[in-house]
Amino acid sequence: MSGQVTKPFDNQTYDFDQASMLYSQSQFLKLMTDEYIKDIKSGKRRIEDFYKSLKKLNTRDARSLLYISNKLSNKSHENINYDDDDYKNLLIIQLKDWNMPIERYNFLIKFKAENILPEDYIEWFKNDLRCSLFLMSLIQKVVSNAAYKGGEELTARTTNFLKYHIAVFNYHAADFSYKETVIADGDWKVKTLLSVKATYLKGRTKNKELKWLDVSNHEQIEWAYDYLEKNKHIVLKGVFFPETIEEKYELILASLDRLSNTKSDDIGTEKNKGYSPRSYVLFSIKKAWDGQKQYESKSKTSDGIIKIYKKNQAKLDELTKKNKMTANKLINKYIEDAHKKMLSPNDQSEKQVFEHYEEYKADKKHMNISSTEEVLPDSNSTKPPIEITSPIDKKKNHHSVNVKPPRKKVFEKPPC
């Protein structure tokens, strides 16, 4: 710089001109704008990535978060069944309405962990209609206005109710009068359900008490259902509507399970007390069924109706095919043949003839025997057969038996 002074003197001041000021401000604003746009773009990318990750949620988790969000927003009436993708779409739509969707999502996750029944605790009943019917019967007053058609719908509703309203279930399912109650420990969400599970599975109706009840016997299942309904033992009446005979059978079992197994000196017959409500119902229904079948058996026999045992049905089918006749004709033919054999079997006919031979000679007019004989040239020859007509059936049962009378006794041929 050739020794020139570049530092201004302290007592000197320099003012920026207007152009310099405008340039300086524009540069500062540009810097701030770039930073702001950068932050916006970064945040936008973050939000977009967040929504993309929500699309990857499984249906079960998306449904849980959507139901929780609706419940917290006083929109529980919107907690209905949707198509699988719609749970995720509706959850994203709700989160977009919040100024800080990520913070809202994290809040829902925390609420779910603290208040919703974990999936592991519903596995034991979610696909078991009998267990689901029993659990739903414990909260029958709560669901009295609902209607569930078929086992699939009822098990799904039972699972959802306990999952999202476990506190309501815990309040109503504290006791169901079983002889032994199992008290379980654990978090408030699960300890009541665990107690119900252990008490129920240990104390429900035993299989040996239900052997007489055959699910394949539709007539019996319908009769048993009507009997329990008439005596007001059917649970979830007007709430659950079974679609198949198997579902009706499961409802019968759940209704019996719901009865107390605690014995009482006041329950039983006049001479035999000490039943539990459940054991007395089982005793009564079994006795009524046996009486019903005994009456029907007598009635059907007198009407000409014969029951074929299940084990003999296949045999009957083979016989009808082989003999090329209907089952009705085949059975009647066997009866007729057996009756003929019983009345006059071949191995008895000759013996009967000899026993009555002397009586025949004395008074043949009073015998139902007709004989036609002829003297042969050789007296040692055998006489022709004597025709024996059964007194039981003169028209059908004729039996020919060869008889050798004494040699010295010969009947003369009557004159023509």
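**Burial and exposure in a predicted model**

In this predicted model, buried residues account for 31% of the 416 residues in the protein.

Me: What makes α6 a helix that is largely enclosed by the rest of the structure?

Reply: A residue is called buried when its relative accessible area is under 20%, and 10 of the 14 residues of α6 are buried, so this helix is largely enclosed by the rest of the structure. The buried residues are Gly151, Leu154, Thr155, Thr158, Thr159, Asn160, Phe161, Leu162, Lys163 and Tyr164.

Me: How do you know that the span of α6 is close to the expected one?

Reply: Helix α6 covers residues 151-164 and reaches 20 Å from its first C-alpha to its last, which is close to the 20 Å expected at 1.5 Å a residue.

Me: Why is Ile308 called partly exposed?

Reply: The term applies between the buried limit of 20% and the exposed limit of 50%, and because Ile308 has 31% relative accessibility, Ile308 counts as partly exposed. This residue lies in the loop between α11 (277-302) and α12 (310-323).

Me: Which residues form a nonpolar patch on the surface with Ile308?

Reply: Ile306 and Ile335 form the patch together with Ile308, and the accessible area of the three together is about 270 Å². Membership requires over 30% relative accessible area, a cut-off that can be set against the 31% of Ile308.

Me: How much of the accessible surface of the protein belongs to carbon and sulfur atoms?

Reply: The accessible surface comes to about 29300 Å², and 52% of that belongs to carbon and sulfur atoms.

Note on methods
Residues numbered from 1 in each chain as written. Predicted model: local features only at pLDDT ≥ 70, side-chain atom pairs only at ≥ 80, totals over all residues. Heavy atoms only, no water. Buried < 20%, exposed > 50% of the residue type's maximum accessible area, 1.4 Å probe, protein only. Areas by Shrake-Rupley, 256 points an atom, 1.4 Å probe, with all protein chains shown as cover. Helix = DSSP H or I, 4+ residues; strand = E, 2+ residues; numbered from the N terminus. Expected span 1.5 Å × (residues − 1). Patch = residues over 30% accessible without salt bridge, like charges linked within 9 Å, V, L, I, M, F, W, Y side chains within 5 Å. Salt bridge = Lys/Arg side-chain N within 4 Å of Asp/Glu carboxyl O.
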